[in-house]
Amino acid sequence: MAAYPVTTSIRPDVQGHFDPATNTISYIVKDPATDACAIIDSVMDIDYAAGRITYEHADMLIDEVNRRGLRLDWIIETHVHADHLSAAPYIQDRLGGRIGIGANIMLIQDVFGKIFNEGTEFQRDGSQFDHLFEDSDSYIIGEMSCFAIHTPGHTPACMTHVMGDAAFVGDTLFMPDGGSARADFPGGDAGVLYDSIQKVLALPDEMRLFMCHDYGPNGRDIQWQTTVAEEKAHNIHVGGGRSREEFVRFRTERDAQLAMPRLIIPSLQVNMRAGEVPTDKEGRPMLKVPINGL
């Protein structure tokens, strides 16, 4: 871990906000020394059957930032989500901040640009985002130094963001009784996911880990915070020293049984555009449904 500037003595204030429609946790993360903050993995509400987009979840985040008198420095996407739509540009319009995602967004834009038959006007260079994170990139929230770890496997652009003693793992890991994310999307790889998880588990044992999703396995209450030590000891997919070979075999067999996420078609089109809804030639918001394309 020498390449990563870990500083567990800094303890940011982390406030999680659960969205029951998508089982997503969005975070407001405050620098302990200033009023600066970041928002991680925001949600834009969609009634897919009705073709209607609203912003209740994003407005709740905005209201909380304003109520606490915070300044938004960053709007972070841990990856291109396939199960919910990002509200990043809506939040940016109201609070400012820079939108950031992993640099391998360009790979995802290329793959799904073809699947959704996007024209040449759709830029595949990540320019829809304000910043593209590479492995070990550092950045600042107020006075708090943060850094990104490239943790692909679920998608090529997945990043874990470390802010003091808090790491936001996206879909790389779930709570110990939830295991890990699937690795069968285009560009996913179970072996690469295992390697990425080992990067996270090499962080200090006391590092707080924050999940992007929780589904309350076996009927337990929704949870989103654990530690590296807890994951190493108890994660049902990788804990207790499970080998890479065992994990790849399990993950491959498990993924073959999973259905596609309910919102994958709108989510990918929106999220590869940094949260902007695509439009037709007349400028009207419009989504496509590729047949037999995923």
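Student: Let's start with phenylalanine 174. Is it buried or exposed?
Tutor: Phenylalanine 174 is buried, because its relative accessibility is 13% and the cut-off for buried is under 20%. Keep in mind that this is a predicted model.

Student: And tyrosine 215, how much relative accessible area does that have?
Tutor: Tyrosine 215 has 46%, so it counts as partly exposed.

Student: What kind of ring pair do phenylalanine 174 and tyrosine 215 make?
Tutor: An edge-to-face one. The ring centres of phenylalanine 174 and tyrosine 215 are 6.1 Å apart and the planes are at 70°. Planes over 60 degrees apart count as edge-to-face.

Student: Where do phenylalanine 174 and tyrosine 215 lie?
Tutor: Phenylalanine 174 is in the loop between strand S12 (166-168) and helix H4 (190-201). Tyrosine 215 is in the loop between strand S13 (208-210) and strand S14 (225-227). The two parts are 41 residues apart in sequence, so the pair ties them together.

Student: How many aromatic pairs are there?
Tutor: The count comes to 11 aromatic pairs. One of them joins tryptophan 74 and phenylalanine 133, with ring centres 5.5 Å apart. The planes of tryptophan 74 and phenylalanine 133 are at 45°, so that pair is tilted. Tryptophan 74 sits in strand S6 and phenylalanine 133 in strand S8, so this pair ties together parts 59 residues apart in sequence.

Student: Are tryptophan 74 and phenylalanine 133 buried or exposed?
Tutor: Both tryptophan 74 and phenylalanine 133 are buried.

Student: Which rings are linked into a cluster?
Tutor: Tyr27, Phe168 and Phe210 are, through ring pairs.

Student: What lies over the face of tyrosine 90?
Tutor: Arginine 94 does, at 3.6 Å from the ring centre. Arginine 273 is placed over a ring face too, that of phenylalanine 122, at 4.8 Å from the ring centre.

Student: Switching to sheets. What is the strand order in the open sheet of six strands?
Tutor: The order is S1-S2-S3-S6-S7-S8, and the pairing is mixed.

Student: Which strands stand at the edges?
Tutor: Strand S1 (13-19) and strand S8 (131-133). Each has a single partner strand, so one side of each has no neighbour in the sheet. From one strand to the next, the twist averages 25°.

Student: In what sense do S6 and S7 pair?
Tutor: Strand S6 (residues 71-76) and strand S7 (residues 98-102) pair in the parallel sense, over three bridges. Tryptophan 74 stands opposite arginine 98, which is in S7.

Student: Which helix packs on that sheet?
Tutor: Helix H2 (residues 88-95). Helix H2 touches strand S3 (36-40), S6 and S7. The direction of H2 makes about 165° with that of S6.

Student: How many residues of strand S11 are buried?
Tutor: Five of the five in strand S11 (residues 159-163), so S11 is largely enclosed by the rest of the structure.

Student: Which residues are on which side of S11?
Tutor: Met159, His161 and Met163 are on one side, with Thr160 and Val162 on the other. In a regular strand the side chains alternate between the two faces of the sheet.

Student: What does S11 pair with?
Tutor: Strand S10 (residues 144-150) runs antiparallel to S11, joined by five bridges. Here cysteine 146 has methionine 163 as its bridge partner. S11 also pairs with S12, antiparallel, over three bridges. There methionine 163 partners alanine 166. S11 and S12 form a hairpin with two residues between them. Glycine 164 in the turn has a positive phi of about 65°.

Student: Which residues other than glycine have a positive phi?
Tutor: Among them are serine 136, with phi near 75°, and alanine 274, with phi of about 65°. Most residues other than glycine have a negative phi. Serine 136 lies in the loop between S8 and strand S9 (138-141). Alanine 274 is in the segment after helix H7 (264-271).

Student: Are serine 136 and alanine 274 buried or partly exposed?
Tutor: Serine 136 is partly exposed, at 31% relative accessible area. Alanine 274 is buried, at 4%.

Student: Last one. What does the UniProt annotation cover?
Tutor: The UniProt entry, which is unreviewed, gives "domain: Metallo-beta-lactamase" for residues 23-213. Over residues 23-213 the chain is 23% helix and 28% strand. The end C-alpha atoms of that stretch are 6 Å apart.

Key
Residues numbered from 1 in each chain as written. Predicted model: local features only at pLDDT ≥ 70, side-chain atom pairs only at ≥ 80, totals over all residues. Heavy atoms only, no water. Pairing = 2+ DSSP bridges. Helix = DSSP H or I, 4+ residues; strand = E, 2+ residues; numbered from the N terminus. Axes fitted to C-alpha atoms, helices over the stretch in contact; angles between N-to-C directions. Contact = heavy atoms within 4.5 Å. Phe/Tyr/Trp six-rings, centres within 6.5 Å; stacked < 30°, edge-to-face > 60°. Buried < 20%, exposed > 50% of the residue type's maximum accessible area, 1.4 Å probe, protein only. Lys NZ or Arg CZ within 6 Å of the ring centre and 35° of its normal. UniProt positions renumbered as here; feature names shortened; annotations may be inferred.
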